[in-house]
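Colleague: I have the structure open now. Can you walk me through how it is put together?

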Amino acid sequence: MSKIFVQENFFDDETYKIIVDQMLNQEYIPPEQYAIDRKKSCYWHYHQLPEVCEVKTEIKRLVKKYFFYEIEKFTLPSIYTMVGATDHPKPHTDDQIKGFVPKYQLIIYMFGPESINNGTGFYERDEDTGHGEISLHVGFKPNRAIFFSADTIHSPLQWAGNGSFRYSINNFFK
C-alpha cells in the first residue's frame with residue numbers, strides 16, 4: 001500500500017470558513033458519462049475551480065508546509081465535490097483519468113457530518129480482484145486533508161451506513 005498522510009486543520013479558520021461559504025453557494029454538476037460508467041453509478045457532483053485561483057495557490061503553499069512536497073503542476077482541474085450516499089463500495093485509483101496521469105492526490109474534507117462512514121476507505125491490492133479488503137479508513141472531519149499516491153485504491157465509505165453528503169476539495173498533481 002502507498003503511504004497516506006493526514007493533516008488536521010489544513011486551512012486556517014478564516015480561510016476555511018471563506019472556502020466553505022464558496023462551496024455551499026456553487027452550482028454542482030454530475031460527472032461525465034465515462035466517469036459514471038467507470039464507477040458503475042453516479043455518486044458525486046462537482047464544481048471545477050479556475051486554473052489560477054487563490055484556493056489553489058493556498059493549497060500549493062500548504063502542501064509544501066505540511067507534506068514537504070512542492071506541487072510541480074496540477075494535472076487535472078481541482079474540483080469542489082459533493083459526494084452522497086452510495087449503494088456499494090466503488091474502489092478505484094485516480095492515476096489515469098481521461099489520459100491524464102497524476103502522481104499524487106489530495107482530498108480536503110470541508111463540510112458535512114463528522115463520521116467514519118463519510119470518509120474514505122483505502123484498500124490493499126489483490127492480484128485476482130484488483131483490490132482486496134479495506135486496510136485503512138479515514139473518517140470525515142471538516143478541514144482534514146489526506147495526501148496519497150494517485151495509484152492508491154480508495155473509495156468513499158458512505159455505503160457502510162450512516163453516511164450523508166459531504167463536501168470536499170479534490171486535487172491531482174505531479
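Modeller: Start with β2 and β3, which pair in the antiparallel sense over 5 bridges. His45 stands opposite Met82 in β3. Keep in mind that this is a predicted model.

Colleague: What does β3 pair with besides that, and over how many bridges?

Modeller: β3 is joined to β9 by 5 bridges, and these two run antiparallel. As a reference point, Ile79 has Asn170 of β9 opposite.

Colleague: Is β3 buried or exposed?

Modeller: Buried: this holds for 5 of the 5 residues of β3, so the strand is largely enclosed by the rest of the structure.

Colleague: And which way do the β3 residues point?

Modeller: Ile79, Thr81 and Val83 point one way, while Tyr80 and Met82 point the other way. All of them are buried.

Colleague: What is the strand order in the sheet that holds β3?

Modeller: The order is β1-β7-β4-β9-β3-β2, an open sheet of 6 strands with antiparallel pairing. At the edges are β1 (4-7) and β2 (44-48), each of which pairs on one side only. Ignoring direction, neighbouring strands of this sheet are turned by 20 degrees against each other on average.

Colleague: How many bridges hold β4 and β7 together?

Modeller: 6 bridges, in the antiparallel sense, between β4 (residues 104-111) and β7 (residues 144-149). Ile107 has Ile146 as its bridge partner in β7.

Colleague: Which helix lies across this sheet?

Modeller: Helix α1 (residues 13-24) lies across β3 (79-83), β4 and β9. Against β4, helix α1 runs at about 85 degrees.

Colleague: I was looking at Tyr167. Where is that?

Modeller: Tyr167 is in strand β9 (residues 166-173).

Colleague: Why does Tyr167 count as buried?

Modeller: Because its relative accessible area is 15%, and the cut-off for buried is under 20%.

Colleague: What does Tyr167 touch?

Modeller: Leaving out neighbours within four places in sequence, the contacts of Tyr167 are Met23, Leu24, Tyr28, Thr81, Met82, Ile108, Tyr109, Met110, Phe111 and Phe140.

Colleague: Which residues does Arg144 touch?

Modeller: Not counting residues up to four places away in sequence, Arg144 touches Val6, Gln7, Glu8, Ile107, Ile108, Tyr109, Val138 and Gly139.

Colleague: Back to sheets. What is the order in the sheet of 3 strands?

Modeller: That open sheet has the order β6-β5-β8, again with antiparallel pairing. β6 (134-140) and β8 (154-156) stand at its edges with a single partner strand each, so one side of each is left without a neighbour in the sheet.

Colleague: How many bridges join β5 to β8?

Modeller: 3 bridges join β5 (residues 115-123) to β8, and the two run antiparallel. Thr120 stands opposite Pro156 in β8.

Colleague: Now pockets. How much space lies in the second largest pocket?

Modeller: About 310 Å³.

Colleague: What lines the second largest pocket?

Modeller: There are 17 lining residues, and Glu51, Lys56, Phe74, Thr75 and Leu76 lie nearest the centre of the pocket. By type, the lining divides into 9 nonpolar, 3 polar and 5 charged residues.

Colleague: Which element gives the most to that lining?

Modeller: Helix α3 (residues 54-67), with 3 residues.

Colleague: Last topic, the whole chain. How many helices and strands are there?

Modeller: The protein chain has 3 helices and 9 strands. From the N terminus on, the elements run β-α-α-β-α-β-β-β-β-β-β-β.

Colleague: What share of the chain counts as buried?

Modeller: 50% of the 174 residues.

Colleague: And what share of contacts join residues at least 24 apart?

Modeller: 80%, taken among contacts between residues at least 6 apart in sequence.

Notes:
Residues numbered from 1 in each chain as written. Predicted model: local features only at pLDDT ≥ 70, side-chain atom pairs only at ≥ 80, totals over all residues. Heavy atoms only, no water. 1 Å grid on protein atoms, 1.4 Å probe; cavity = no way out; pocket = protein on both sides within 12 Å on 5 of 7 lines; lining within 4 Å. Points joined across faces, edges and corners; volume = space filled by probe spheres on them. Helix = DSSP H or I, 4+ residues; strand = E, 2+ residues; numbered from the N terminus. Nonpolar A, V, L, I, M, F, W, Y, C, P; charged D, E, K, R; others polar. Buried < 20%, exposed > 50% of the residue type's maximum accessible area, 1.4 Å probe, protein only. Contact = heavy atoms within 4.5 Å. Pairing = 2+ DSSP bridges. Axes fitted to C-alpha atoms, helices over the stretch in contact; angles between N-to-C directions.
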